Amino acid sequence: MKHTYIFLIAPIALLGWTSCGKPAKKNATLPPTPVSVAEAKKAEAIYYDQYQGTVVALNSVELRSQVSGFITGIFFKEGEVVQQGKELYEIDRRKYIAAYDQAVANLSSAEANLVKAQKDVDRYTYLQKQDAVARQTVDQAVAAYETNKSQVAVAKAQIESAKTDLSYSLIKAPFTGRIGISQVKLGAQVSPGTTLLNTISSEHPIGVDMVINEQDISRFYQLQKTGTDSTFKLQLSDGITTYNKPGKILAIDRGVNNQTGTITVRVQFTNDNDVLKDGMSCVVKVLNENSGDRIIIPAKAINEQMGEFFVFVSLDTIAKQHKVTLGPHIGNTVVVLTGVNEGDKVITDGFQRLRDGGKIVLGNPNAQQAPGQAKPGK
């Protein structure tokens, strides 16, 4: 058995020695990969962060009656701009005029009684000094005088109440703004505090509310102090038109919504041409703090791998892979924050067949190779 094993192993060893003794065939050298390059340039990169916004009137109020009655007058055209103090609605004023007139008459009567009571006090006081009247009579006259004095005060208060109700029967514009479509018609009955008559809202200036993450609060507080005319821009709901007026932060809400981790910022815009309407949706563009002179390269030079971004940089005949940090895209270019320097030659075409340190040659990566020529990277 032992000799049998030696006999079987010997040919195998001989075969291995024979194969090792043959000279190995050299691997064919891979030709350089044709690539196209572009120079990384430093240029002024102005770009904006975008937030969904809603146009809001800085002053808006629902018009409701504070007295009951029937609508007897409507003095405006629906949808027009009304000036502060303009009469808008009239509620049947007859009973309020009558109540005011009665209150005035009551005051006159109370004042007349007060004059009489004053004379009684003076007369009885004089007679008391002459011992011609009892002390009790004087005290009663003084008490009557004080009662009449109180009645005069009550009558004056009734006049003010009646005057207020009479004024409420004419509903006026509390500020200059645009009034909406009337919710009541002539002859409609209204109840105090419940019947909605109309809504009026200001338009000059106007606000835009947007919601930001709480991580950005300090940035927007800084923008509130230092923002310029170019900090805020507005894109209208058509997605094309840019509003041609700059904005500024008017207010930042008092606190963060603890359910969403967001806070509302209100930006104010002029609205001289009435382009912006209350409730309109828009996009607020906020100047990014990284705007300025930045490295810009063609966007097609970027290679994404596992959520990270890389470019190949040409070093004469060698391609070196660089990990980069990207800013925003601007057209067909992209801002590079780190990883590429000004003047670097980044590979824009042909890098799909490259590895770090691979050989390259400038040429057309899409050119058809001659028959029999080895394909790059194979």
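Seven strands form an open sheet in the order E14-E13-E17-E3-E12-E16-E15, with antiparallel pairing (two strands pair if DSSP finds at least two bridges between them). Its edge strands, E14 (242-243) and E15, each pair on one side only. Helices (H or I, at least four residues) and strands (E, at least two) are DSSP runs numbered from the N terminus. The model is predicted: local features need pLDDT of at least 70 and side-chain atom pairs count only at pLDDT 80 or more, while totals for chains, interfaces and linings use all residues. Residues are numbered from 1 along each chain as its sequence is written, and side-chain values use heavy atoms, with hydrogens and water left out.

E12 and E16 pair in the antiparallel sense over eight bridges; Val 211 has Thr 264 of E16 as its bridge partner.

H4 lies across E3, E12, E13, E15, E16 and E17, and its buried residues pack against these strands (contact means heavy atoms within 4.5 Å). The two classes of H4 residues below use relative accessible area: buried is under 20%, exposed over 50%, and partly exposed in between (1.4 Å probe, protein chains only).

| Class in H4 | Residues |
|---|---|
| Buried | Ile 217, Arg 219, Phe 220, Leu 223 |
| Exposed, on the face turned away from the buried side | Ser 218, Lys 225 |

The largest nonpolar core has 23 residues, and Met 210, Phe 220 and Phe 232 have the most contacts inside it. Such a core is a set of buried Ala, Val, Leu, Ile, Met, Phe, Trp, Tyr and Cys residues joined through side-chain atoms within 4.5 Å. A second, separate core of 18 residues includes Val 67, Phe 76, Ile 91 and Tyr 96.

Terms used
Axes fitted to C-alpha atoms, helices over the stretch in contact; angles between N-to-C directions.
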